[in-house]
Amino acid sequence: MTEGGTGTAVGLHRVLEPAGVLPQAAHRLDPDPRIRPDEVRISVERLNLDAASYRQLHTAHGGDPDAIRAEVLRIIGERGKMHNPVTGSGGMLVGVVDEAGPESPLGLAPGDRVATLVSLTLTPLAITDGLAGWDGRSEQVPARGHAILFARSIAAVLPGDLPVPLALAVMDVCGAPALTHRVVAAQKGAPSVLVLGAAGKSGCLALAAARRAGASRVIGLVPTAEEEERLAATGLADAVVRADARDPVAVAAVVGEPADVTVVCVDVPGCEHGAILATAPGGTVVFFSMATSFPAAALGAEGLAADVTMLIGNGYVPGHAETALELVRSEPAVRALFTSRTGADSAE
């Protein structure tokens, strides 16, 4: 690999196997702490596993926190990154800039506390503390080690007015509200919007973003009576309905009139057909969940003769971090839902 150029900018030089693939597709990366001129080394403080990955790990190990911790350590140790081989997903992290190469275009300086806005599945990562500070019972993982950012990576300096666990949780899903706003605003007239998994992190942000983008009606679908009560109390949705998102007939029945835009934020597989069935002809389905099966979505739409546009939420829209943080700052109901998942709403 030659110095400089696109290959270095996207991290090809960090790929150990198989050679020639991009870091996300690689089985193993090189987390060597020595950086190239356009790289940045981060001293890791906290990982945030994505919801689908943590759910899979929790289920596979029967909720045993020691087994979950050991599995995460094994994955990082073997792969040089946090890339769940079952879900294909990872998460993101918070840390402090140790060193920034003189040719790095990211605008970061030593001492900056940042959140990486690229997946852990493509971020070279080494853990040095054995995750001794993590109880294995939540997606947020206190950790010590280092990570490497490339020239084409994305990171944001953490805001000083929000607790770190809260800011990390928001930035982990910040692509959802930004793309939801873009899709809803582009519709003719004032569309109706349905959000599956509406009481979760990305779901509640998508509800708020849809409202601000001009939705005429916002519906939130949740799986349990407890989440239905909690979400209804926030006022984020015009209607809150309850069904198992994996049951297409039940989803269509509780939603009633199909929505113009459906946003899928559920972290379990099998929700594709319900989303399609609950979307009006000519409408749009946005899949944000990493548990989505895109063959199931495509074949399901074909089998249902559904004329819908299906979008993959790729997690990046220009300005997405600030969009999401502004929603949390200005929408007390959104902040309350996040705080209930990240712990006490205090400074850290």
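**Ground rules**

I am working with a predicted model, where local features need pLDDT of at least 70, side-chain atom pairs count only at pLDDT 80 or more, and totals for chains, interfaces and linings use all residues. Residues are numbered from 1 along each chain as its sequence is written, and side-chain values use heavy atoms, with hydrogens and water left out.

**Entry 1: the antiparallel sheet**

I looked up the strands first. Strands (E, at least two residues) and helices (H or I, at least four) are DSSP runs, numbered from the N terminus. Two strands pair if DSSP finds at least two bridges between them.

I found an open sheet of six strands with antiparallel pairing, in the order β6-β7-β3-β4-β5-β8. The edge strands are β6 (125-127) and β8 (155-157), and each pairs on one side only. From one strand to the next, the twist averages 35°. For such angles, axes are lines fitted to C-alpha atoms, for helices over the stretch in contact, and the angles run from 0 to 180 degrees between N-to-C directions.

Next I followed β7 (residues 140-149). Three bridges join β7 to β6, and the two run antiparallel. I127 stands opposite G145 in β7. β7 also pairs with β3 (residues 40-49), in the antiparallel sense, over eight bridges. There, I42 has A147 of β7 as its bridge partner.

How many of the 10 residues of β7 are buried? Eight are, so β7 is largely enclosed by the rest of the structure. Buried means under 20% relative accessible area, exposed means over 50%, and partly exposed lies in between (1.4 Å probe, protein chains only).

**Entry 2: the parallel sheet**

I then noted an open sheet of six strands with parallel pairing, in the order β11-β10-β9-β12-β13-β14. β11 (239-242) and β14 (309-312) stand at the edges with a single partner strand each, so one side of each has no neighbour in the sheet. Direction ignored, neighbouring strands here are turned by 20° against each other on average.

I checked one pair in detail. Strand β9 (residues 192-196) runs parallel to strand β12 (residues 259-264), with four bridges joining them. L194 stands opposite T262 in β12.

I searched for cavities and pockets on a 1 Å grid over the protein atoms alone. A cavity is a set of points where a 1.4 Å probe fits but cannot get out; a pocket is an open set with protein on both sides within 12 Å along at least five of seven lines. Lining residues have an atom within 4 Å of a point. Points are joined across faces, edges and corners, and a volume is the space filled by probe spheres set on them.

The whole structure gives one cavity of 30 Å³ or more. The largest cavity holds about 30 Å³ of space. Its lining includes V264, C271, E272 and F287. By class, I count six nonpolar, three polar and one charged residues there. Nonpolar covers Ala, Val, Leu, Ile, Met, Phe, Trp, Tyr, Cys and Pro; charged covers Asp, Glu, Lys and Arg; the others, Gly among them, are polar.

The second largest pocket has a volume of about 160 Å³. R55, Q56, D267 and M290 are among the residues that line it. Its lining splits into six nonpolar, three polar and two charged residues. V268, P269 and A291 line both this pocket and the largest cavity.

**Entry 3: cysteines**

How many disulfides (cysteine sulfur pairs within 2.5 Å) does the whole structure have? My search finds zero.

I checked two cysteines. The sulfur of C265 is too far for a bond, because the closest cysteine sulfur, in C204, is 9.1 Å away. C271 has its closest cysteine sulfur in C265, 11 Å away, which is also too far for a bond. C265 is buried at 12% relative accessible area. C271 is buried as well, at 3%.

Most residues other than glycine have a negative phi, and most peptide bonds are trans. I listed some exceptions.

A cis peptide bond joins E17 and P18, with omega about -15°. P18 sits in the loop between β1 (15-17) and β2 (28-29).

L131 is not a glycine, yet its phi is positive, about 55°. L131 lies in the loop between β6 and β7. Is L131 buried or exposed? L131 is buried, with a relative accessible area of 0%.

A305, again not a glycine, has a positive phi of about 50°. I found A305 in the loop between α10 (294-303) and β14. A305 is exposed, at 70% relative accessible area.

Conventions:
Disulfide = S-S within 2.5 Å.
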